[in-house]
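Here is a short briefing to read alongside the sequence and the 3D view.

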Amino acid sequence: MTAGTTLTHGTTAEHELAALQREHGRPLFALLLRLCDGDRQRAEDLVQETLVRAWQHPEALRADDFDSVRPWLLTVGRRLAIDARRARQARPAEVGADAVLENARVCADHAERAAATLDVREAVKTLTPEHREVLVLVYFQGASVAEAAKALGIPPGTVKSRAYYALRALRRVLPGYAADLR
């Protein structure tokens, strides 16, 4: 359909829309399919929406400034695809009826983390002062074995053995956290 085609009573007649679809539908669909990352259903929906816009704005199809309505259709389709993509990105992901919510990603629970921190603090208080010093330096402050040995004035082998026995004692005091202490 070209700009010279006559439109009926200010709206596009059904047969004229069908002609518009036949003439420009394939290139429009090809563009929208690329913009929809290969999602045929979404591309078909956008083709239909583009043709609805053409039906709603017959004055754009009658413009004498251009020989073909294809650039107008492609521009409208492209803008609709961009709007649809932005709308999908702004919404949270849709969950289907068959989706199992138990498999959904769980957000970190700060209450559990705070409770675990308190448990670990209480467990560390039960250690001997020597074991506690090594554990605090190596695991909580991130010191290397050599740095801890130098800071405490003991051999590196002693730091390693105290760290081993401190973790072993914590495993006994914190049985629910045993996997985290390996």
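Buried means under 20% relative accessible area, exposed over 50%, and partly exposed in between (1.4 Å probe, protein chains only). By that scale, Arg-53 is partly exposed, at 30%. The model is predicted, so local features need pLDDT of at least 70 and side-chain atom pairs count only at pLDDT 80 or more, while totals for chains, interfaces and linings use all residues. Residues are numbered from 1 along each chain as its sequence is written, and side-chain values use heavy atoms, leaving out hydrogens and water.

**Confidence**
- The chain has a mean pLDDT (the predictor's confidence in each residue, from 0 to 100) of 80, and 78% of its residues reach 70 or more.

**Salt bridges**
- The count is four salt bridges, each a side-chain nitrogen of Lys or Arg within 4 Å of a carboxyl oxygen of Asp or Glu.
- One of them joins Arg-85 and Asp-37 at 3.1 Å, N to O.
- Arg-85 lies in helix α4 and Asp-37 in the loop between α1 and α2, so this pair ties together parts 48 residues apart in sequence.
- Asp-37 is exposed at 63% relative accessibility, whereas Arg-85 is partly exposed at 30%.
- Glu-49 pairs with Arg-53 at 3.1 Å, N to O; both lie in helix α2, four residues apart, about one turn of the helix.

Note on methods:
Helices (H or I, at least four residues) and strands (E, at least two) are DSSP runs, numbered from the N terminus.
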